Amino acid sequence: MVFWEGYVSDEAMGTFAPILVYWLYAGLYQLLPPLDNYRLHTRREEDDKNSVPLPSVVKGVLLQQLVQATVAQGLFLLTSKANISGITVQPSIPVQIVQIVIAMLVMDTWQYFVHRYMHQNKFLYRHVHSQHHRLVVPYAIGALYNHPLEGLLLDTFGGAISFLVSGMTARTAVTFFCFAVIKTVDDHCGLWLPGNIFHILFQNNTAYHDIHHQLQGLKYNYSQPFFPLWDKLFGTYMPYNLVKRPEGGFEARAVKAMND
């Protein structure tokens, strides 16, 4: 039993709940006061280094979400597990947990190799992936700001493959995709907040991904959104130290850069 049962189908929730969660969670970060003592970059750096205005970011994210919603609806329609009565038998909670873990690993694998290739292929980087890196200083609303082709290949296809390989139902997908969205937004929030559960439980977090957005980290820390497994296996892992800035806030400083 879930709270939307009888009101909204699992397929509709799996399609639209992640979009709603994205704007609620990213909007929460957007509405916070400046929090200069917890920022990984100063507000001046954000203004000076980012080369795309917020309205363009919002439009880009909405376009990607439109494509994702269209693909999700088709995917749920084609993979429906409903019986002749229109009822989908849900697996046990332990099975759902295993499916979510499998989906996390599949998504990480897909995104690592596609993301890394978009950096290694000069044409793809220049004409596609560089759009995301126009936000040198990441912020929450820009988490899904990508070129439409990248949004399709990296995020939409990655989510679809994770769903298919794991064998989860649309109901389990609601949990998985909402969690993946929250994690992705948090990784781009630009804040190192005390007690943030994602910073405690995941090595791949806000500071980890911030390194990748900086010049010295462009060829490192490709892993997203959950674990740094593939970076560590393939030599693209760049550790960092959090250094307090005298004027307040933190800097995620790459260890290699500190040793050079």
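**View 1. The lining of the largest pocket, by class.** Here 14 nonpolar, three polar and three charged residues line the largest pocket; Ala, Val, Leu, Ile, Met, Phe, Trp, Tyr, Cys and Pro count as nonpolar, Asp, Glu, Lys and Arg as charged, and the others, Gly among them, as polar. This is a predicted model, in which local features need pLDDT of at least 70, side-chain atom pairs count only at pLDDT 80 or more, and totals for chains, interfaces and linings use all residues. Residues are numbered from 1 along each chain as its sequence is written, and side-chain values use heavy atoms, with hydrogens and water left out. The pocket holds about 350 Å³, and Y29, Q30, R39, E46 and Y139 lie nearest its centre. Helices α1 and α2 (43–49) each give two or more residues to this lining, with α1 supplying the largest share, three. (Helices are DSSP runs of H or I, at least four residues, numbered from the N terminus.)

**View 2. The second largest pocket.** About 180 Å³ of space sits here. Its lining includes E5, D10, E11 and R171, and by class comes to three nonpolar, five polar and four charged residues. On a 1 Å grid over the protein atoms alone, a pocket is an open set of points with protein on both sides within 12 Å along at least five of seven lines, while in a cavity a 1.4 Å probe fits but cannot get out; lining residues have an atom within 4 Å of a point.

**View 3. The largest cavity.** This one has a volume of about 590 Å³, a volume being the space filled by probe spheres set on grid points joined across faces, edges and corners. Of its 36 lining residues, Q68, D155, T156, F177 and V181 come closest to the centre. Helix α3 gives the largest share, seven residues. Sorted by class, the lining has 17 nonpolar, 16 polar and three charged residues.

**View 4. The second largest cavity.** At about 80 Å³, this cavity is lined by 13 residues, with E11, S80, K81, T169 and A170 closest to its centre. Helices α1 and α7 each contribute two or more residues to the lining.

**View 5. Helices α4 and α11, for confidence.** Mean pLDDT (the predictor's confidence in each residue, from 0 to 100) is highest among the elements in α4 (residues 93–120), at 98, and lowest in α11 (residues 255–259), at 59.
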